[in-house]
Amino acid sequence: MQKEKIKTQSNNLFDVIIIGGGPAGLNAAVVLGRCNRKVLLFDHGKQRNRYSHGMHNYLTRDDITPTKFLQISKNELRKYGVKVLRAEAKHAKKDEDGNFVIMDLKEKTYYSKKLILATGLTDNLPEIKGINKFYGKSIYHCPYCDGWENNHKTIGVYSKSRNGVDVALTLTAWSSTITLYTDGKKYLTKKDKYLLAKKSINVINEPIDSFEGKGSQLKNIVFANGDKSFCEALFFSNGYSVQCHLVESLGCKVNENNIAITNKSQQTNITGLYAAGDISKDVHFVVVAAAEGAKAAVYINKELMEEEIKF
């Protein structure tokens, strides 16, 4: 029985399993596939930017939709023999041989010598009526990703915390008509008020009831008292959450936001475990995530080669 188990595990042993089918995971898969490594990519299809009207800050890919980007990427993976699994990883651990054991939601088990977590984040949308109609089209979370498309428009910033002050100041690169909406909160310091006034940024503290507009285009912020404020584009600062907790369950060190702590090679404190993309600590750009995935793949391939020579 033990021999049968070992044989089954050996047949199902990948060089690398990548959990996450966004830019970090996909780029890692391309690099490792080109190194003739046996690679399995888990993709549950819930990428952070899936609601976006288009990607930016990525040379040669400006304005491409996330859906089209993923389609092109997966087509490129095929010629390198990467296996893509439309599934979600439920559990991960290390076995007595030092290999990673991954179980999906159907309780099917997979094994790998190395593991890359590229599971990404989920933005915490404000719990305001109407937001789903506009999210990714006229309501956004990243000024650098969508600020240029809203040049010279009437822009709002939604934030119940002081993070909104930085977002509002950043957006002055694209508009001179900016309002910070605090949704009933009064958290501004004397310095905050000075900086906002210096940039002619208006502040409205009224509690918000809903967002309204036509189609996917936001038009008004509707307050609890019935008043309205004209707004063509809204950026929110409401935090984010990790998409899965495999990082913690594997014993990986994380920061106060549950983001994996990695070294310059994208390696965590767990031998053989790497993290790339938004789940690591760098700037949350698609191009940065892709670069981190490529970097992790290179160091993993080097590590595998060293182990093969020693063996």
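In the hairpin formed by strand 4 and strand 5, where five residues lie between the strands, G98 adopts a positive phi near 90 degrees. The model is predicted, and local features require a pLDDT of at least 70 and side-chain atom pairs a pLDDT of 80 or more, whereas totals for chains, interfaces and linings use all residues. Residues are numbered from 1 along each chain as its sequence is written, and side-chain values use heavy atoms, with hydrogens and water left out.

Strand 4 (residues 89-94) pairs with strand 5 (residues 100-104) in the antiparallel sense over five bridges; pairing requires at least two bridges found by DSSP. Within this arrangement, K94 stands opposite F100 in strand 5. Helices (H or I, at least four residues) and strands (E, at least two) are DSSP runs numbered from the N terminus.

The axes of helix 6 and helix 7 (residues 190-198) come within 10 Å and cross at roughly 15 degrees, the axes being lines fitted to C-alpha atoms, for helices over the stretch in contact, with angles from 0 to 180 degrees between N-to-C directions. The two helices are therefore roughly parallel to each other (angles under 35 degrees; over 145 counts as roughly antiparallel, 65 to 115 as roughly perpendicular and the rest as oblique).

The largest pocket has a volume of about 670 Å³. Its lining comprises 25 residues, of which H141, V167, S237, Y240 and H284 lie nearest the centre. Helix 5 (143-146) and helix 6 (163-170) are the elements that give two or more residues to this lining, and helix 6 gives the most, with four residues.

Two cavities of 30 Å³ or more are found in a search of the whole structure. The largest cavity has a volume of about 560 Å³; of the 38 residues that line this cavity, Q47, R48, N49, D278 and V286 are the closest to its centre. At least two lining residues each are supplied by helix 2 (23-34), strand 8 (139-140), helix 5 and helix 9 (286-310). The second largest cavity has a volume of about 90 Å³, and its lining residues include F42, D43, H44, Q243 and C244.

Note on methods
On a 1 Å grid over the protein atoms alone, a cavity is a set of points where a 1.4 Å probe fits but cannot get out, and a pocket is an open set with protein on both sides within 12 Å along at least five of seven lines; lining residues have an atom within 4 Å of a point. Grid points are joined across faces, edges and corners, and a volume is the space filled by probe spheres set on the points.
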